[in-house]
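Hi,

Here is the structure I promised to pass on. Please open it first, then read the notes below it.

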Amino acid sequence: MARVSTYLNFPRNTEEAFTFYKSVFKTEYCAPIARFGDGGCNPEQPMAEEDKNLVMHVALPILGGHVLMGTDAPDSMGFSCKPGNNVYINLEPDTREEADQLFNALSAGGKIEMPIQDMFWGAY
């Protein structure tokens, strides 16, 4: 089923922010918090030991079926996270064809930060 969610990036305090959101909305995470050290990392880009416990992905249902998601995006991993570039709308259409159509239409004339592709966690 298609859905839209909001994805938030934080420099190093995603877990703190989502602990707060969880207390406000009185809901539980969709799955346990995934951490960068849990796997799926590129061996050609070694990770600093202090980054392994950072949040790779967290998802929290809030209101009306909407899911708030987040990740840590620290400078040490090449991110430049600051207010204004840390909020994304996540579209999950029903088919790859619809995903391609939406991506192509929305990115036309824009700057693509990451091309649409298969991801290691099974998403496209």
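Predicted model: local features only at pLDDT ≥ 70, side-chain atom pairs only at ≥ 80, totals over all residues.

What follows covers salt bridges and one surface patch.

Salt bridges first. The structure holds 6 of them.

Glu92 and Arg3 pair through their side chains, with N to O at 2.9 Å. This pair links distant parts of the chain, 89 residues apart. Glu92 sits in strand β5 (residues 87–92), and Arg3 sits in strand β1 (residues 3–10). Glu92 is partly exposed, because its relative accessibility is 27%. Arg3 is partly exposed too, at 34%.

Next is Glu15 with Arg35. Their closest N and O atoms are 3.1 Å apart. Glu15 belongs to helix α1 (residues 14–25) and Arg35 to strand β2 (residues 34–35), so this bridge ties together parts 20 residues apart in sequence. Glu15 is partly exposed at 33% relative accessibility. Arg35 has 15%, so it counts as buried; the cut-off for buried is under 20%.

The side chains of Lys52 and Glu49 also form a salt bridge, at 3.3 Å from N to O. Lys52 is partly exposed, with a relative accessible area of 34%. Glu49 is exposed, at 60%.

Now the surface. Val4, Ile89, Leu91 and Leu106 form a nonpolar patch there. Together they have about 410 Å² of accessible area. Leu106 comes from helix α2 (residues 96–107). Why does Leu106 count as exposed? Its relative accessibility is 63%, and exposed means over 50%.

Best wishes

Methods: Residues numbered from 1 in each chain as written. Heavy atoms only, no water. Patch = residues over 30% accessible without salt bridge, like charges linked within 9 Å, V, L, I, M, F, W, Y side chains within 5 Å. Areas by Shrake-Rupley, 256 points an atom, 1.4 Å probe, with all protein chains shown as cover. Salt bridge = Lys/Arg side-chain N within 4 Å of Asp/Glu carboxyl O. Helix = DSSP H or I, 4+ residues; strand = E, 2+ residues; numbered from the N terminus. Buried < 20%, exposed > 50% of the residue type's maximum accessible area, 1.4 Å probe, protein only.
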